[in-house]
Amino acid sequence: MDREEVFRVVIRNICEVLPELEGYAFRNDDKLKDLGANSVDRAEIVAMSLESLDLEIPLVELSKVSNIGELAEVLYEKLQSN
Amino acid sequence: MKNYNQTKLVITGIGITSAIGQGKTAFTQALMQGQSSFGIMKRQGRQKNTSFIGAEISELYIPESISKRVLRTATFTEQAAMAALYEAWEEAKLGEVDAERVGLIVGGSNFQQREIMQIYGSYADKASFIRPTYGLSFMDSDVCGLCTEQFGIKGLAYTVGGASASGQLAIIQAVQAVWSGQVDVCIAIGALMDLSYLECHALRALGAMGSDRYADEPSSACRPFDKNHNGFIYGEACGVVVIERADYAKMREVKPYAAISGYGMAMDANRNPNPSYDGEVRAVKKALEQACLTAADIDYINPHGTGSAIGDETELKALKDCGLSHAYINATKSVTGHGLSAAGAVEVIATMLQMKESRLHPTKNLEEPIDSSFNWVKGEAVAHTIKNAISLSMGFGGINTAICLQSY
């Protein structure tokens, strides 16, 4: 799975949690909070993305992520080292 | 305990969702026609190599104001609660009431077992992926959180558990919240009890849920007070009522369905599912006393009537000895099935809708009543204008409640 595919997985899960974003053109520098996700939504998007990728990592490793591009990047890197 | 609190309370809004119909119009129509919807239940997680009979909601219509985003994480019980609450809310014009003066009591506990069972099934082997929202939804009080958020309720909200008397208990708590002045309006919800196959097994093993005697003829299985009864038959439902002071309703120009003239509650000091004649008599007498009524004043009884052999027999003996065998009596559960935590609220609603229609619904499958000395409404609806009604609920653990409703 390449980085773009991981990004698409994240977007798919964002759209499931925030259905009103369906059709929105997501950018790497979009922040979940700015997209309308509250703290529970953000936790849900992360958990669902990890499940989709079958990636078991401590959540603390995602704590420095500041936008969805970085989230996809960290998940991609973890997938490579898994 | 007489009704020393002279403040008259009324019910000004009703919301209902059930297997026989969603909304008052559909529900009333099905009730009056005795149109039940029993079958072998099919909802995911409710059967496992089993064929339990029950009545399930075929399709839940969700109000447009509830967003897809909210619905994604709402359990089935929560979706039913929001749908029924919306109906009652609109009818009672609660949008016009100061949000801080509105309360919400949710009747029931452990009512989301099927959903929880499914989550266990999905995540038992991958617990670290569990959806964070499960941390909210596994608690019954999430229904309070979700409903108060969606409807902007800011007074009070909590759950009360009393097994199959939960719906009536919620109404009693709502009455107390208004009487005490904590809020001006209080909503009571009888929550949808979402059984998994494990609860169905256990309830049948207890001897409470009906056997598979009628597996080939599910519509005949639910037969409260009939000689061939052999246990309750489950039915999905959620009922909502809005309670407020009569003067407040008048000021707001909302039309009451009925007045709540009294209630009674009595315990049997018994943890088990078996009923108690003594407890039921005490609950009825307390309700009548608080309503300042005698048994002779009651002209309609909405009994608990589940179809359990010992439950039906005990209830009729209690009613008879309370001097109530003259009043009309039918069994709502014969049409709706037993909603467990929802039942008490659903049956208070059924009573008020019959009051409004001046008609009493038939009792399905009542071919040979176990006691023919009562004034049964059997296979056909009967024209009758209710003046004073009493509705009973009993719950496992020795809980007995009764509510008196007066035409208004």
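**Entry 1: strand pairing in chain B**

Two strands count as paired if DSSP finds at least two bridges between them. I kept that in mind while opening this predicted model. I looked up β16(B) and strand β17 (residues 399–407) of chain B, and found that they pair in the antiparallel sense over 8 bridges. One of the partners I noted is Cys404(B) in β17(B), which is bridged to Ile390(B).

I then followed the chain through the turn. β16(B) and β17(B) form a hairpin with 3 residues between them. In that turn, Gly397(B) has a positive phi of about 90°.

Next I asked what else pairs with β16(B). Strand β11 (residues 300–302) of chain B is joined to β16(B) by 3 bridges, and these two strands run parallel. Here Ile301(B) has Ile390(B) as its bridge partner.

**Entry 2: is β16(B) open or enclosed?**

I checked burial along strand β16 (residues 388–395) of chain B. The count is 8 buried residues of 8, so the strand is largely enclosed by the rest of the structure. I sorted the residues by face: Asn388(B), Ile390(B), Leu392(B) and Met394(B) lie on one side, while Ala389(B), Ser391(B), Ser393(B) and Gly395(B) lie on the other. Both faces are covered.

**Entry 3: the two domains of chain B**

I stepped back to see how chain B is divided. Domain 1 covers 9–252 and domain 2 covers 260–407. Their C-alpha centres lie 20 Å apart. The contact between them takes 62 residues from domain 1 of chain B and 51 from domain 2 of chain B.

Which element gives the most to the domain 1 side? I found that α7(B) does, with 8 residues. Elements that supply at least two residues each include β1 (9–18), α1 (24–33) and β9 (237–245) of chain B. By type, the domain 1 side divides into 37 nonpolar, 20 polar and 5 charged residues.

**Entry 4: where chains A and B touch**

I turned to the contact between the chains, which takes 8 residues from chain B and 12 from chain A. On the chain B side I noted 2 nonpolar, 2 polar and 4 charged residues.

**Entry 5: a helix in chain A**

Last, I looked at helix α2 (residues 39–53) of chain A. Its 15 residues reach 21 Å from first C-alpha to last, close to the 21 Å expected. Its buried residues include Asp41(A), Glu44(A), Ile45(A) and Met48(A). Among what covers the buried residues of α2(A) are α1 (3–17) and α3 (68–81) of chain A. Just after the helix, Asp54(A) takes a positive phi of about 50°.

How values were computed:
Residues are numbered from 1 along each chain as its sequence is written. Chains are lettered from A and ligands numbered from 1 in the order in which they are written. This is a predicted model: local features need pLDDT of at least 70, side-chain atom pairs count only at pLDDT 80 or more; totals for chains, interfaces and linings use all residues. Helices (H or I, at least four residues) and strands (E, at least two) are DSSP runs, numbered from the N terminus. The expected span of a helix is 1.5 Å times one less than its number of residues. A residue is buried if 20 or more other C-beta atoms lie within 10 Å of its own, exposed if 12 or fewer, and partly exposed in between; C-beta atoms are placed from the backbone. Two residues are in contact if their C-beta atoms, placed from the backbone, lie within 7 Å. Ala, Val, Leu, Ile, Met, Phe, Trp, Tyr, Cys and Pro count as nonpolar, Asp, Glu, Lys and Arg as charged, and the others, Gly among them, as polar. Domain bounds come from an automatic or database domain assignment.
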